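Here are a few notes to read alongside the model. Please keep the structure open as you go.

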Amino acid sequence: MTTAPTRPAAAQGSVGTAHTRVEGRDKVTGAARYAAEIPFTGLAHGWLVLSTVARGRIRAVDADAALALPGVLAVLHHGNAPRLVTDYPGLLGVPDPTAVVFQHDRVPHAGWPVALVVAETPEQAREAADTLVVHYDEEPHDIAFSAARPDSYPADGLAPATTEKGDVEAGLAASAVVVDAEYTTPEEHHSSMEPHGATARWDDGRLEVVDSNQGSTWVQGELAGIFALDPSAVRVVSEHVGGGFGSKGVRAHQVAAAMAASVLGRPVRVVLTRRQVFSLTGYRSPTAQRVRLGADAGGRLRVLEHRSWNQTSTVYEFVESATGPARVLYDAEAHRTSQEVVRLDVPSPTWMRAPGEAPGSFALESAFDELAEKCGLDPIELRLRNEPEVGPVSGLPFAGRNLAACFREGARRFGWAERDPRPGVRRDGRWLLGTGTAAASFPVGAGASTAAVTAEADGTFTVRIAAADIGTGARTALTLVAADALGTAPERVRVRIGDSAFGPAWIAGGSMGTRSWSWAVTEAARELRERLVLSGEIPPEGITVRSDTTEAIGALARKERHSFGAQFAEVAVDVATGEVRVRRMLGIFAAGRIVNPLTARSQLIGGMTWGISMALHEEAVRDRATGGHYGADLAGYHVATHADVPRIEADWVDDTDPDDPVGIKGIGEVGIVGAAAAIANAVWHATGVRHRALPIRPDRVLAAGAAGA
């Protein structure tokens with residue numbers, strides 16, 4: 001027995017102070033191993049073969065030549081693969097059947113997984129995959145997305161398809177000022193630094209998967225459903241993740257690896273190529289949106305209507321809820337939102353950073369800028385005049401709404417008061433200069449989680465929780481939260497994450513991760529601290545307390561819970577070349593209590609940088625003839641690079657959620673929301689020309705200039 005450790009007096013108040021990542025040294029020295037780097041004895045390697053047609057049936061798989069090559073162990077396809085469960089209930093609803101590979105001969109889109117070649121080395125598997133011949137009965141395909149399609153239909157997704165109150169048409173007829181505009185956003189892709197990879201092995205009927213994912217509990221449950229196993233028979237480990245942004249759930253590679261490992265009786269690793277990531281891991285659907293605003297002469301809204309359309313696959317319904325911001329940011333007597341989908345012969349879309357809110361804010365906040373122009377009002381003043389008292393659709397009170405404070409502080413720091421409202425009057429040599437702003441919001445919540453905290457005999461503490469650090473700094477944030485709850489120093493806390501064996505925990509997604517996990521860690525740590533007060537000794541195995549927040553989160557009062565922000569951008573536009581350069585950006589956010597200012601600022605700046613990409617660069621284009629992408633790589637799919645990123649500042653106002661034990665809301669998504677709109681509004685201010693289609697490419701700037709001339 002040892003005596004309970006003495007708590008140092010200087011250990012208080014870790015939350016809210018800047019700390020470098022606790023795993024930072026391991027990452028920069030290579031000691032931190034990612035999913036595809038962890039060694040396994042007897043490891044075999046799988047290579048997925050994807051369809052080259054956009055619609056049809058597989059007539060035959062000619063595998064003889066591939067199987068004859070050196071090192072090739074197996075070729076799995078619909079004719080010989082084990083049967084799986086395809087209709088299990090998933091954590092986020094009905095699962096996308098794309099992941100449940102090789103169960104039939106149908107091909108619903110280009111890039112559909114049709115076979116897996118397994119060999120002793122990845123090079124052998126790739127060579128054999130290139131040799132494999134698949135014969136198809138090809139059928140005509142349809143990938144033409146537009147809002148005008150007669151086969152679009154309303155779809156709920158995670159929110160109702162339609163919300164409505166008041167008479168929109170009568171309100172528009174009675175409005176002094178009306179905006180009626182259409183906006184489009186293109187197909188966009190996550191393209192995280194670490195491609196998707198997983199290694200699977202079986203041992204006496206138990207499945208273990210080492211993976212790169214956004215929630216080991218999530219993947220554990222999905223794989224248990226697919227392979228008809230009890231969740232306790234599946235273990236998923238995902239310690240380090242090189243980005244996810246919504247794409248790293250259950251995908252074809254994990255299922256294919258587990259399937260092949262079962263057939264061969266040895267571990268199998270499947271890692272997707274960059275091109276395969278574009279087909280198999282989801283993307284942000286293109287959207288077509290129509291916004292109609294009606295206001296009185298003073299700029300107060302009488303009507304707000306926001307309609308959105310997105311594409312989805314023929315095998316799975318995914319809704320890009322772009323009307324989300326309209327349901328939160330502004331109210332009107334007549335208020336209508338609707339979201340519809342179009343089923344096409346394309347891969348299934350999925351969650352992508354700020355799903356719904358990122359494209360939806362572009363349309364809504366651009367329309368508000370147009371309304372401000374027509375009303376002769378400052379864009380910030382227009383927004384402040386339309387601040388709602390309660391949720392415009394729900395009628396619920398806000399759990400804090402400091403958007404006005406974000407705009408006022410942002411305007412002060414950005415120098416908004418010196419802005420000449422007239423477009424096209426500021427110049428810097430050949431460049432036209434403009435500034436723009438936009439509001440940001442993203443819903444925040446908490447998912448039930450469990451955590452275990454152990455007081456070790458050596459005076460340290462160990463936290464175990466199946467959280468996922470996808471590059472956000474969650475491991476460090478949880479260290480600070482645990483240290484404060486325990487009344488100790490962060491250096492005496494070790495946080496272990498990314499293992500489903502630690503018990504259920506929420507995913508890293510929806511800006512809910514750190515809030516959900518911190519709640520569970522705080523409960524366990526506080527109970528442990530109370531127990532240590534009563535216990536004078538700690539046994540060699542330590543003292544462990546486990547928490548479960550299911551009941552506490554279920555008892556939360558219903559409120560509108562959101563992080564908010566105000567985005568500001570200055571751009572320079574060369575109308576002779578069409579080039580647009582963002583010169584500076586500022587974001588001020590109200591996102592709950594900030595646990596670690598260092599990593600929080602990094603998250604917000606990262607989102608704003610992605611907003612530059614969204615506004616000016618990102619656009620996946622499909623070939624109508626083949627249904628596949630042009631340039632499905634980081635050469636053909638353009639993203640913002642160092643030269644595109646100017647001075648970006650991100651900061652926040654005081655904003656604590658009183659219903660959360662730590663005061664947290666969420667910061668992962670809100671940084672990108674409104675950023676593209678602020679840039680587009682700045683381009684209008686610079687040139688006097690509106691751009692309602694993203695990205696704002698040089699050819700579009702030139703065409704708009706020619707049309708206006």
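The points below take up a helix, a helix pair, a loop residue and the cysteines.

1. This is a predicted model. Please read every point with that in mind.

2. Start with helix H14, residues 597–616. At 1.5 Å a residue, its 20 residues should span 28 Å. The end C-alpha atoms lie 29 Å apart, which agrees. Of the 20 residues, 15 are buried, so H14 is largely enclosed by the rest of the structure.

3. Next, look at helix H8 (residues 357–375) and helix H15 (residues 675–687). Their axes come within 8 Å and cross at roughly 35°. The crossing is right-handed. H8 contributes Ser361, Phe362, Glu365, Ser366, Asp369 and Glu373. These meet Ala676, Ala677, Ala680, Asn681 and Trp684 of H15. By class, the contact has 5 nonpolar, 3 polar and 3 charged residues.

4. Where is threonine 98 found? It sits in the loop between strand S4 (72–77) and strand S5 (106–107). Threonine 98 has a relative accessible area of 6%, so it counts as buried, the cut-off being under 20%. Leaving out residues up to four places away in sequence, threonine 98 touches His109, Trp112, Pro113, Ala252, Leu280, Val315 and Ser348. Valine 250 is 152 residues from threonine 98 along the chain, with 9.6 Å between their C-alpha atoms.

5. Last, the cysteines. A disulfide is a covalent bond between the sulfur atoms of two cysteines. How many disulfides does the model have? The count comes to 0. Cysteine 375 counts as buried at 15% relative accessibility. Cysteine 406 is buried too, at 0%.

Note on methods: Residues numbered from 1 in each chain as written. Predicted model: local features only at pLDDT ≥ 70, side-chain atom pairs only at ≥ 80, totals over all residues. Heavy atoms only, no water. Helix = DSSP H or I, 4+ residues; strand = E, 2+ residues; numbered from the N terminus. Expected span 1.5 Å × (residues − 1). Buried < 20%, exposed > 50% of the residue type's maximum accessible area, 1.4 Å probe, protein only. Disulfide = S-S within 2.5 Å. Axes fitted to C-alpha atoms, helices over the stretch in contact; angles between N-to-C directions. Left-handed = near helix turned anticlockwise from the far one by under 90°. Contact = heavy atoms within 4.5 Å. Nonpolar A, V, L, I, M, F, W, Y, C, P; charged D, E, K, R; others polar.
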